[in-house]
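Me: Hi! I have a protein model open and would like to go through some parts of it with you. Could you help me read it?

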Amino acid sequence: MVGGWVACCLLLGFVHGRERVDPLVETKQGIIRGVRADAGDYSMFLGIPFGKVDENNPFGLATPYPKFEETFLADDESSICPQIEEFNKTIVGSLDCLHLNVYVPNVASSRNKLPVLVWIYGGGFQIGFSGRYLHGPQYLVRHDVIMVTLNYRLGPYGFMCLDTPEVPGNQGLKDQLLGLRWIKDNIESFGGDVNKITLMGESAGAVSVELHLWSQQEKLFNSVILQSGSVYSPWVIIDTDVTQAIRLAGRLGFDTDSTSEAISFLAKTDTRLVIAAASEMSMAFGVCVEKEFDNVESIITEHPRNSNVPMAKNIPILTGFNNKERMVSYLDQPDSYFANLDVFNSSLSAVLEYDEEFHEMAALVRHFYIGDEEFSQDVKWELIDFSSDNSYIYPVHESIDKFLDNGAEKLYHYVFSYSGDRNFVKKRYNITENGAAHADEISFLFDMTYDPSIPTTEDQHIIDVMTTLWTNFVKYGNPTPETTELLPVKWLPVTKDSLNCLNIDTELSLQRNIYHERMSFWKLFFKTNQGKIKGYNPMVPFV
């Protein structure tokens, strides 16, 4: 049988007075039955398993999910990997979580193959899930693109790095790789174009996408969208801690000096207990530079500061950030919060090796942002700028420089500045000041069951603008192939001579060298202190 949409009359019912035929797709994994969307001209294939976690070593590599022996009913998106979820702070999830969701416009077919947009969620590699609670497809699939969202392991199960073949590190990224291989192998059966696959992520999701650009694995995508994340963000790459499994097991009552014994114990322990123990011990889990082992796949074996990214030359890249990324950290805080701040020393210690000049360098950065002022409410906006620059804005500029040095030609840069009623994080924390906080933009790309409110006219305009820009990029590798009434500004790519940046606000505007003074300061600062930057190899030319 030829893969693709399979005409069927297998599941008939009546929904809102009309005949309903649920879609069947024949894939390389087997036959999958989806469901028609109640609102919108698309079908949903929910909770398709693409990977299987090893129950004897849930901290190691997953394997491809076996072929289906019977028709798989894809109608359940509830799977979530073990974590402390962000809304109620409860421990949820199971290791049967490597599932993905495919949303297919009705116009897709083997004769009308549509571009594919793959979403990888953020959450600091600790939290996140792929379902419609936050990542609904309606805004994007109406532009005739197929959308895919996927789960990956988090925290100790996804990012424990022990420098052993059994737990080499970055398992969550390799879960993503497994999912991307499934998409490459099967998306054509859904009417997808395997030669037009775009990866998109926000925050840790953007970092994940960028790391797949660095990866030495096979090319599984054709363009990338990076929202508020960079491999150079100071919170991304952490030092390997080979004692984590042993310490976790000890916390849970099993004392051993053997890593393999600790892993065996933890594998049999309730995931909720493991997640709780890791949280109680404030264990850090993130991306690590992997030690190479024979016959063990790796994502990165060199720090991004010391390696090139040749894939950037031939791949369109859209990257940017929000203008007030860290505003939630400093707004509506009591005076006592500012009295106890040590933000410059603590932030720079994640970037620079400590030496006798460290405090002098931290004082220099402090003076640039707040002069001789004391920490107080009076300098909260300056502190927002510093924290935003340090965590997101300057690292994104570093990535842009790296892409250009590696020959990127279709490189589009944006800043999201819009303040509306729908800004995701600001609305959640009841913040009314102008500016866009970290993750504020996602509610203009996705409909959410978390927030079912009807967008205002102004917010709907931004939804239309952003989803058109993003899906134009997915389709054409260019967010503005032509100017229109909706998109009256031509978005020019970045070049070595011109750092063009589209400001996405109530009105679109093309700017150059945004935040030039602040970015020039950081570039000079790191150039001066290049030998102290964590992960930097002095034998490699500094960008």
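Me: Thanks! To start, how many residues sit between S4 and S5 in their hairpin?
Reply: Two residues lie between S4 and S5 in that hairpin. Keep in mind as we go that this is a predicted model.

Me: Okay, and in which sense do S4 and S5 pair?
Reply: They pair in the antiparallel sense, over four bridges. S4 covers residues 24–27 and S5 covers residues 30–33. To find one of the bridges, look at Leu24: its partner in S5 is Arg33.

Me: Which way do the residues of S4 point?
Reply: Leu24 and Glu26 point one way, while Val25 and Thr27 point the other way. All of these are buried. In a regular strand, side chains alternate between the two faces of the sheet.

Me: Let's switch to S18. Are its residues mostly buried or exposed?
Reply: Strand S18, residues 317–322, is mostly covered, with six of its six residues buried. On one side you have Ile317, Thr319 and Phe321, and on the other Leu318, Gly320 and Asn322.

Me: Which strands is S18 joined to?
Reply: S17, residues 223–227, is joined to S18 by four bridges, and the two run parallel. S19, residues 411–416, also runs parallel to S18, and six bridges join them.

Me: Is Ser228 buried or exposed?
Reply: Ser228 has a relative accessible area of 0%, so it is buried.

Me: Which other residue has a positive phi without being glycine?
Reply: Asp163 is one, with phi near 55°. You'll find Asp163 in the loop between helix H2 (155–159) and helix H3 (171–186).

Me: Helices next! At what angle do H12 and H15 pack?
Reply: The angle is about 75°, and their axes are 10 Å apart. H12 and H15 are therefore roughly perpendicular to each other.

Me: Which residues make that contact?
Reply: From H12, they include Phe386, Ile393 and Tyr394, and from H15, Met519, Trp522 and Phe526 are among them. By class, the H12 and H15 contact has six nonpolar, two polar and five charged residues.

Me: And how do H4 and H12 cross?
Reply: Their axes come within 13 Å and cross at roughly 25°, so H4 is roughly parallel to H12. The crossing is left-handed. Glu210, Leu213 and Trp214 of H4 meet Ser399, Lys402 and Phe403 of H12. Those residues divide into three nonpolar, one polar and two charged.

Me: Last one: where is Tyr354?
Reply: Tyr354 is in the loop between helix H10 (343–348) and helix H11 (358–370). It has a relative accessible area of 59%, so Tyr354 is exposed.

Me: How far is Tyr354 from Gly435?
Reply: Their C-alpha atoms are separated by 34 Å, and the two residues are 81 residues apart along the chain.

Methods:
Residues are numbered from 1 along each chain as its sequence is written. This is a predicted model: local features need pLDDT of at least 70, side-chain atom pairs count only at pLDDT 80 or more; totals for chains, interfaces and linings use all residues. Side-chain values use heavy atoms; hydrogens and water are left out. Buried means under 20% relative accessible area, exposed over 50%, partly exposed in between (1.4 Å probe, protein chains only). Two strands pair if DSSP finds at least two bridges between them. Axes are lines fitted to C-alpha atoms, for helices over the stretch in contact, and angles run from 0 to 180 degrees between N-to-C directions. Angles under 35 degrees count as roughly parallel, over 145 as roughly antiparallel, 65 to 115 as roughly perpendicular and the rest as oblique. A crossing is left-handed if the near helix is turned anticlockwise from the far one by less than a right angle, and right-handed if clockwise. Contact means heavy atoms within 4.5 Å. Ala, Val, Leu, Ile, Met, Phe, Trp, Tyr, Cys and Pro count as nonpolar, Asp, Glu, Lys and Arg as charged, and the others, Gly among them, as polar.
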